[in-house]
Amino acid sequence: MRDAVDRVRDAGRSSRRRLGTYFIVAVQAGLAATLAWTVAREVLGNPDPTFAPAAAVSVIAASLGNRTRRTVELVVGVVLGIVVGDLLVHLFGTGPWQTGVIVFLAVSAAVLVRGTGALVTQAGGTAVLVATLTPVSPDLELPRTLNALVGGAVGLLVVLVIAPLNPLRAVRRVADPALDTFASQMTASAEALAHADVRAADEVLARMRAAETELDRIDEMVGAADEVVRFSPVRWRRRRALAAYRHGAEHLDRAFRNSRGMVRRIGTALRDREPVPPHLPAALEHFSEAIRLLHRAFLAAEEPAAARERVLRAVRDAGEACRQEIGFSGTIVVSQLRTVANDLLRATGVPADEARRQVRRAAAAR
């Protein structure tokens with residue numbers, strides 16, 4: 001019963017965090033729909049502006065970080081569908097089999113130009129409208145194209161100028177719980193190892209598996225923030241601060257996944273009752289602190305020198321553990337720990353060759 005309550009509570013916290021992260025998307029979508037409808041109807045005099053707000057919302061709802069590309073795909077897809085559909089209607093006329101042929105050829109043309117899902121969908125959908133509505137709405141092409149242009153332009157205007165997300169705040173909102181989870185699970189694995197608690201090690205592994213989506217959201221949000229600081233004039237000054245997150249996100253993700261394999265091997269070592277030198281859990285604790293220090297450095301846009309030193313201290317402790325009585329799985333844990341150390345050093349901005357050299361030197365130090 002208690003486990004069920006904990007799961008419900010965790011799910012609630014996760015939902016609240018997700019709502020806080022993506023609330024700005026809902027605001028942008030509502031604002032973009034309103035502006036697109038107004039521009040299409042009141043400014044351009046389009047009597048049926050429905051597709052303009054739909055296009056704007058489609059841009060807003062695109063995967064974060066891909067909105068500029070989504071706008072281009074939306075407009076190109078509409079134009080392609082109109083061109084192909086209009087040409088084939090004049091050749092074949094309209095009807096059920098003609099509609100099927102027109103859509104087939106429009107989608108095929110979109111694929112040939114290497115279009116992704118959004119472009120293909122818009123080309124096929126527009127071709128359907130051209131094929132089916134041409135008899136009753138012969139002047140469909142121009143309003144549809146204008147609506148696509150208005151919707152795409154308004155969507156970009158909203159996300160990049162009128163109501164752009166705060167890149168650092170958005171990344172922090174996602175990174176805080178994710179990196180805190182990473183650090184806390186390294187501490188928990190150190191405690192499980194120190195107390196020879198197999199069950200605790202298994203629970204750490206389960207929590208790390210469940211937390212994988214949190215790390216994925218960092219990549220997504222960094223991509224969105226990167227798009228904003230590149231194209232939004234009001235956010236250009238955030239470029240330098242975001243650069244650290246952008247560089248470190250990939251290596252932090254790899255460090256997390258490699259750490260999960262390390263925790264799995266810790267459980268094996270404990271089940272086999274292998275000896276655990278005290279330096280080994282100490283090394284894991286240093287890793288935990290290194291993650292926290294790295295996060296603070298990211299937030300302050302500072303050089304993460306303290307995080308690098310703590311990573312190398314973890315490697316030195318692991319090397320000392322390896323020179324004491326240790327079992328087969330324990331040796332693998334040390335090897336995996338060095339791999340994670342390399343990942344964390346890369347996340348701090350250390351080049352690949354230099355990171356490997358520093359890890360080797362720290363492992364050999366006494």
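Student: Which helix does A347 lie in?

Tutor: A347 lies in helix α13, residues 328-347. Keep in mind that this is a predicted model.

Student: Is A347 buried or exposed?

Tutor: Compare the relative accessibility with the cut-off: buried means under 20%. A347 has 2% relative accessibility, so A347 counts as buried.

Student: What does A347 touch?

Tutor: Leave out residues up to four places away in sequence, and A347 touches H247, G248, H251, L252, L294 and F298. Take H251 from that list. H251 and A347 are 96 residues apart in sequence, yet their C-alpha atoms are 5.1 Å apart in space.

Student: Which residues of α8 are buried?

Tutor: A200, A201, V204, L205 and M208. Seen down the axis of α8, the buried residues fall within an arc of 145°, so they line one face of the helix. On the other side of α8, R199 and A210 are exposed.

Student: What happens at the start of α8?

Tutor: Look for a side chain reaching a backbone nitrogen. Here a side-chain oxygen of D197 comes to within 3.2 Å of the backbone nitrogen of R199.

Student: Which residues does the "transmembrane region" annotation cover?

Tutor: The unreviewed UniProt entry gives residues 21-40, 74-93, 100-125 and 145-165. Residues 145-165 are 86% helix and 0% strand, with end C-alpha atoms 28 Å apart.

Technical notes. Residues are numbered from 1 along each chain as its sequence is written. This is a predicted model: local features need pLDDT of at least 70, side-chain atom pairs count only at pLDDT 80 or more; totals for chains, interfaces and linings use all residues. Side-chain values use heavy atoms; hydrogens and water are left out. UniProt positions are given in the numbering used here, feature names are shortened, and annotations may be inferred rather than shown by experiment. Helices (H or I, at least four residues) and strands (E, at least two) are DSSP runs, numbered from the N terminus. Buried means under 20% relative accessible area, exposed over 50%, partly exposed in between (1.4 Å probe, protein chains only). The arc is that of the directions from the helix axis to the C-beta atoms. A polar contact is a pair of N or O atoms within 3.5 Å; within protein, one must be able to donate a hydrogen and the other to accept it, and residues adjacent in sequence count only if both atoms are side-chain atoms. Contact means heavy atoms within 4.5 Å.
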